[in-house]
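The entries below follow the order in which I looked things up.

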Amino acid sequence: MSAGNATRWPKMTGREEFRFLADLVFTRSSGDETIVTLHDVHSGTTRFANNQVVQNVDTRRGTLAITVAFGRRHGTASTTDFTAGSIHDTLARAERIARISPEDPEYLPPPEPFPFVARETARPETTAAGPARRLEYANEAIGHCRMENLLAAGVVSTSAASVGIAANNGLFGYEARADARFSLTVQAGDATGWSAAAHRSVDHLKIQERTLAAIAKAKRSREPIELPAGPYPVIFEPSAVAGLWTWLMWSLDAKSYDKGTSPFAGKLGTQIVDDRLMLCNAPNHTDLLGVGLTSEGLPSMPSTWIDHGVLTQLAHDRFTAQTHGVQDLPTLDAPVLSVNGAACSNLQDLIKRTDYAILVTNFWYIRTVNPIDLTLTGMTRDGTFLVKKGEIVSAIKNFRFHDSPLRAFQQIDAATGPMEAVTAETGKMLAPAIVLPEFNFSSVTRF
Amino acid sequence: MNSPTWDEFAELALKGIRASGAEYGDIRIQDSRTEHIEGEDRRIASIRDLKDVGFGVRVLYHGAWGFAASSVLSLEEVPRVANLAIEIARGSASVALEKVRLVPEPVHRDRVITPYRIDPFTVPLEKKTDLLLNTMETLHRQSGIARSSASLWARRDHKLFVSTEESRVEFDLLAGQGDCTATALHEGRFASRSFNTPHLRKGYELIEEADLLREASRVAAHATEKVKAPAVDAGQYDLVLDPEHLSLTMHESCGHPTELDRVLGYEANYAGTSFLTTDKLGSFRFGSRHVTLVADNTEPETLAATGYDDDGVACQRWDIVRDGLFVGYCTNREVAPKIGEVRSRGSNRADGWGSVPIVRIANIGLDPGTDTLDQLIAGVKRGIYIEGHGSYSIDQRRYNFQFGGDAFWLIENGKRTHMLRDVIYHGITPGFWNSCDGVADRTFRRRYGFITCGKGQPGQSGWMTHAASPARFRNVQVIRGEGHV
């Protein structure tokens, strides 16, 4: 497959093109305040199953959204058509909404102009990667599985985006972004093994390493034994940790906190988990997918959210930030969870030091059971094992869990340093593999 | 110069596909408009009017697929995207082991229009925001209500489907929904209760008929009762489940496992596979004799009743489970022949122009029985009556599930008594459906729709409606939905 000129896409909306479009809106707008946001995405995914490509797609979608405010009345309209006539129509629709919408007591004018940090959010090798590169990676994963007489199912995807925000008070931010993702489920009969990666650079997906890891897990997952449900010591791989912590991070919103409908109500400034745990935002980290600007037109900055187990930040919108007197809104676009004094260098070390535990590769379908204490449920998936005396001794049938990360992470027995953690249902973070003394599995399934 | 018509764009794309030697191709051009008004805590938090226009081209070349899509609808872009789809399909074909073969479908040339009485996009915005503000005020009139929300949603899709097989279907589809939620606080606890109109293909009459203000008073009272209610004691209970609650239970445990692409491994890396393997078709006892599940993509007003799917296959009605026996899958033109079926069930849908169609759950509904709701409850010595949606989770083969709900009442000696909180039940799908020993009659049948059913990579949101009458299940394991210590 070539990537000849005949099939090259129109280039993404550039900084000056976005400025031109925004100015086109500002000169026509009758609003007190006008905000224009750009989200122009070109993405492709090669999907495979049963050792062959089953879906191979490439999509370009540009979206321009216009928010107009008259006093505290505001409205938003958007379009995927960037012609002048369509943009004028979109502005008229936003103005029409804003004129007749009720006053919003929480409306705030756009943020003051800010010199956003320029981060390397778009790697050229990823932006240039097309269907041929994706197919090459898919074939590599499939090839390894075929050689082992196993079945591969997975995706290779790449995405390039132009993201921007501009307001008629002079606020202007623009950023080119790109990311690449790979995930693979290897089926060995009824047994499965999984691995995943996400990176700004398509060159860092480590297809071979990830594929061999998934193959090893699938082979090891054969002939699982059934253990009774109940509390067990556990070793969570980074993806399993990320699955639980993502829900914790999603529950940090300040408005719920203020209204008393948050699991953290009254706990700001208090210890909520083991005092060695740290949760930070690290948008400059080259292995994460941090951004320079947020959808609200604010910068993403390094920040600490949980400091030695103490909750130090809430997730604010601009209104609650003003209420709380918070000047710089913390973001969590590039989370890093770490354990101070973590003594183990890798997962194998953790296993060797463990006398008895359930090893969990990943969780699936995590949902809130009780938002008051953040009790969650979900299933183990694609590699659940029994560890005895420092070794994996058997695969086990998958468990459903029923527990709260706020309880489970009160005490950590051992941990590694932060590693890449990608889950099927959430984004990417850095998280350690962790040993916990007890985690509650409430039922067992049939495989 | 006049801009080209959609048909001219379509012909431009199909001409290139035919010339390429591909065995099949289609184009979907779509113009979608969504209006979403969201109220939160007595204010209108946002009003959004979103337009999404674009087209997607699908090509089957030497037994392998390629798909490309763009939001730039122009004379230059359409052939470029069509050529890209061809090129991608050629790449897929170069590594294909088993070639895709589509089951035949008659040529359709048709126009599908959602009937409606009131166009939601012409209803004055003030009327809608007033309704939401009044609804939230009504919620707050109940003592103890700390938070409120209310929203209205409407969507119109103009779509043109044209294939190299000469099918041409034009769609003008409408859908809407409205809801409100009250959250009560009591002694450091909080609890929510919601009212949702179903998502249906109707006009604004759906909202007017629902009477949000009346429902707001009811759910606010329930929220304050729920937050003070005793937590459930874990144990085995008989359950009587209302149609809204059942819509989610059916969706997860009956709908997804009957998607044939999952069964065949297409979703193994994400949404999962299915315990309903092909050897079970026609012989597996999925449920008791009271359980008949029918897929009906022809029922008016339901979300999957779009006349034709995105394969250009006419919508149909068929059995999934008949008197407890598993007898049918949801299929498309690609997977149907893999189990020897000669026609697709017409369940291949994309969530927009930018997505490739995949097998989706049909409008699967539970056939009514002969009881009344009171009779179902009267037959329970110790049980729980559950309404609405709450927590939900199920394993990737759809065996082990766990559900909460929105409101729970203890049943004692055949009578519904007081509310409970923190009720969670779990089970294994076939065991649960085999414990069903009664379904209420047709007069109790209600329909609930889903527009956020996640599946596929990249992820897509599927739309479908599930109808049911209340049903009773015996000896289901119930646990308390809070931390285990």
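This is a predicted model: local features need pLDDT of at least 70, side-chain atom pairs count only at pLDDT 80 or more; totals for chains, interfaces and linings use all residues.

Residues are numbered from 1 along each chain as its sequence is written, and chains are lettered from A and ligands numbered from 1 in the order in which they are written.

**Chain A against chain B.** I looked up the contact between the chains and found 73 residues from chain B and 78 residues from chain A. On the side of chain B that touches chain A, strand β2 (residues 43-61) of chain B gives the most, with 12 residues; helices (H or I, at least four residues) and strands (E, at least two) are DSSP runs, numbered from the N terminus. I sorted that side of chain B into 33 nonpolar, 24 polar and 16 charged residues, taking Ala, Val, Leu, Ile, Met, Phe, Trp, Tyr, Cys and Pro as nonpolar, Asp, Glu, Lys and Arg as charged, and the others, Gly among them, as polar.

I then checked pairing, which requires that DSSP finds at least two bridges between two strands. Strand β3 (residues 73-79) of chain A pairs with β2(B) in the parallel sense over 3 bridges, and A:Ser78 has B:Leu50 as its bridge partner in β2(B).

**Domains of chain B.** Chain B is divided into domain 1 (6-228) and domain 2 (235-480), with bounds that come from an automatic or database domain assignment. The C-alpha centres of these two domains of chain B lie 21 Å apart. Their contact takes 38 residues from domain 1 of chain B and 33 residues from domain 2 of chain B. By class, the domain 1 side has 16 nonpolar, 10 polar and 12 charged residues.

**A sheet in chain B.** I traced an open sheet of 4 strands with antiparallel pairing, in the order β11-β10-β9-β14 (chain B). Its edge strands, each pairing on one side only, are β11 (325-326) and β14 (364-366) of chain B. Strand β10 (residues 317-322) of chain B and β11(B) pair in the antiparallel sense over 2 bridges, and B:Leu325 is the bridge partner of B:Arg322 in β11(B).

**Confidence.** I noted that chain A averages a pLDDT of 95, with 98% of the residues scoring at least 70; pLDDT is the predictor's confidence in each residue, from 0 to 100. Over residues 1-8 of chain A the pLDDT is below 50, and this stretch has 13 contacts in the model beyond near neighbours in sequence.

Key: Two residues are in contact if their C-beta atoms, placed from the backbone, lie within 7 Å.
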